[in-house]
Amino acid sequence: MLPAPPAGRDLRLDFFRGLSLWFIFLDHVPSNIVAWFTIRNYGFSDASEVFVFISGYTAAFVYGRVMNERGFIIGAARILKRAWQIYVAFVFLLVFYFAEIAYVSSHFANPLYTEEFGIFDFFQKPDVVLVEALMLRFLPANVDVLPLYIALMTFFPPVLWLMLRQPDFTLLLSIGFYFVAKAFDWNLALYPYDHSWFFNPFAWQLLFVIGAWCGLGGARRVSPILNSPPVIALCALYLVFAAPLQLSWLFPSLSGRLPSWLLILPLDKTGLSGWRLFHFLALAALVIHYVPFDAKFLRSNWARPLILCGEHSLEIFCLGVFLSFSAHFILTEVSSLIAMQIAVSLAGIGLMVTVAALMTWYKNIERRGGKPPPSATQEGFGGVTAS
Amino acid sequence: MKMLSATLMLVLLAAGPARAAADSCDVPDNLVETLARLPRVGLSVKRDHKLEILVLSAAPKLSGEANSLKSYPYYLENELRERLKGTDVHVFAQSEPRKTILEVAKDLPRLLSERQPVLVIWQTGTVEAMRGIDPDGYGRALDSGVAALQNGGADVVLVNQQYSPRTDFMFDGGPYTENMRWVSQTRDIPLFNRYEVMKYWGETGAFDLTALKNDGTYEKVHTCIGRLIADLVMRAASLSGTVER
């Protein structure tokens with residue numbers, strides 16, 4: 001039914017990035033019951049970690065090859081072009097966001113929400129807000145992983161240059177930077193109040209660099225250690241330790257009965273706390289251990305929707321944010337009943353898969369340059385042969 | 001896709017009529033249960049037959065003597081007076097609109113000495129979530145604020161942001177509620193999860209929380225919140241006299 005993935009690609013990356021995109025969409029629909037399925041409820045880390053790590057991995061893998069073959073300038077130019085695309089996507093989403101806010105603010109007069117009217121304060125000075133937003137100094141909720149991505153990509157060329165030569169040293173630098181930023185409380189400031197980026201780029205760069213380091217062969221080098229039984233057991237233990245803790249957090253009646261030394265929650269997401277980072281790394285180690293590169297299910301039909309979404313991560317991420325705005329709109333305008341939450345969640349995921357499939361189909365057509373397909377048996381979009 | 005659109009149609013049909021449900025304050029027990037106790041409240045009621053309550057918030061409409069308001073401090077006062085016959089119940093609402101916790105915390109000593117509350121109901125988190133201030137720093141400020149209130153001789157009940165479906169996508173109160181939960185556990189005080197309670201009402205159709213204009217929901221919601229907080233205070237302070245409903 002859906003276009004087949006290209007051969008030779010590590011489908012695990014696309015699969016899990018697709019999964020994280022679904023989760024990010026579900027988590028972003030406010031008060032959505034389907035978000036109960038997402039990993040944030042069962043451990044310290046969530047889909048954001050998956051997304052940032054895999055983005056670092058693929059960026060290093062793809063642009064590292066370009067930089068090796070065609071030099072630093074071409075590689076850097078490609079990376080900055082990507083950063084620019086993400087910036088344009090961010091501005092695109094911003095317009096929808098402002099449109100929805102403008103609509104609500106001009107019609108909203110229910111005395112029940114007098115306190116929440118404060119959210120529209122920034123609209124008093126649209127000139128300032130728009131400029132600040134374009135300068136990434138005004139970041140609406142739910143879109144804030146994109147600015148992080150822009151910041152990370154913008155500073156990636158020198159990082160990648162160094163990493164191609166001294167991968168371990170680069171990783172050490174990144175770890176050092178993480179701790180220095182933590183010690184000095186570094187973060188980027190935001191308009192109009194004295195607050196800062198929700199995803200602190202000085203902290204989250206570490207996960208991106210770890211991803212890049214793995215993408216450039218680090219993963220292969222540490223795999224004997226990662227696959228050793230004691231490490232696997234340790235990772236599993238940590239996940240088993242985290243799951244009930246996170247779950248109990250959602251049921252106050254349970255968490256009230258926990259001993260006080262277990263009160264390590266809530267964890268700092270802005271600064272990527274060590275608990276979260278190690279939770280994600282443990283999860284990743286287990287996944288790599290139990291899902292081999294050539295796992296059969298990755299080429300099965302039910303994995304294909306996820307892989308398609310993962311292949312077009314930027315576009316599908318933006319679509320997901322846009323769909324979460326729309327889902328929210330439907331939930332407030334039509335009905336917020338639980339059945340409706342399930343329906344908009346399913347419809348959103350359906351649309352994400354459809355759009356991803358269309359993009360793959362279109363890309364394949366473009367590649368062939370309008371010539372007739374080389375083989376009539378090749379699978380295409382919609383179950384018919386591609387033409 | 002066919003399956004999907006069929007499901008969607010079914011859901012749309014099912015969703016329609018449930019809107020006009022009865023207005024009842026009922027919520028599942030797990031939404032309002034608490035293991036924490038309010039010992040000072042219990043003592044004050046039993047020994048001194050007095051209960052001085054301060055409602056602290058940043059909500060513009062929650063300011064002044066409770067009996068001059070038509071919001072939950074007023075209904076809370078009424079409910080408690082009804083249940084605690086022979087006790088002098090007095091509720092005062094102090095609001096500091098648009099101020100974050102750092103500014104509110106500075107006022108705590110003054111409020112304590114002026115009002116001498118035995119119970120402070122502290123509604124917080126909305127302004128902080130709207131401004132996106134650091135949730136970690138918020139947790140620390142809240143923790144020291146609660147400690148100051150406790151050292152000043154008051155029990156504390158925390159109340160988180162309300163559920164506002166229209167603005168829900170513009171800011172995320174989750175991290176702030178998590179920090180309130182953390183403070184409520186380390187300081188052993190109740191947390192009234194107003195967000196989840198109201199979300200339950202919205203999802204079950206008990207109240208229509210999406211109206212853009214004033215449709216009378218304000219008073220109904222505040223009546224229920226006043227009643228549920230009164231229930232919580234009675235339970236956590238181990239007071240008898242709960243009115244059965």
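Hi everyone. The largest cavity here has a volume of about 110 Å³. By cavity I mean a set of points, on a 1 Å grid over the protein atoms alone, where a 1.4 Å probe fits but cannot get out; the volume is the space filled by probe spheres set on the points, which are joined across faces, edges and corners.

A quick word on conventions. This is a predicted model, with local features needing pLDDT of at least 70, side-chain atom pairs counting only at pLDDT 80 or more, and totals for chains, interfaces and linings using all residues. Residues are numbered from 1 along each chain as its sequence is written, chains are lettered from A and ligands numbered from 1 in the order in which they are written, and side-chain values use heavy atoms, leaving out hydrogens and water.

Back to our cavity: 14 residues line it (an atom within 4 Å of a point). Nearest its centre are A:Leu112, B:Ala59, B:Gln162, B:Arg194 and B:His222. Searching the whole structure gives eight cavities of 30 Å³ or more.

A:Leu112, A:Glu115 and A:Trp249 supply 14% of the area chain A buries against chain B, more than any other three residues.

Thanks, friends!

Notes. On a 1 Å grid over the protein atoms alone, a cavity is a set of points where a 1.4 Å probe fits but cannot get out, and a pocket is an open set with protein on both sides within 12 Å along at least five of seven lines; lining residues have an atom within 4 Å of a point. Buried area is the accessible area (1.4 Å probe) that two parts lose on being put together, summed over both.
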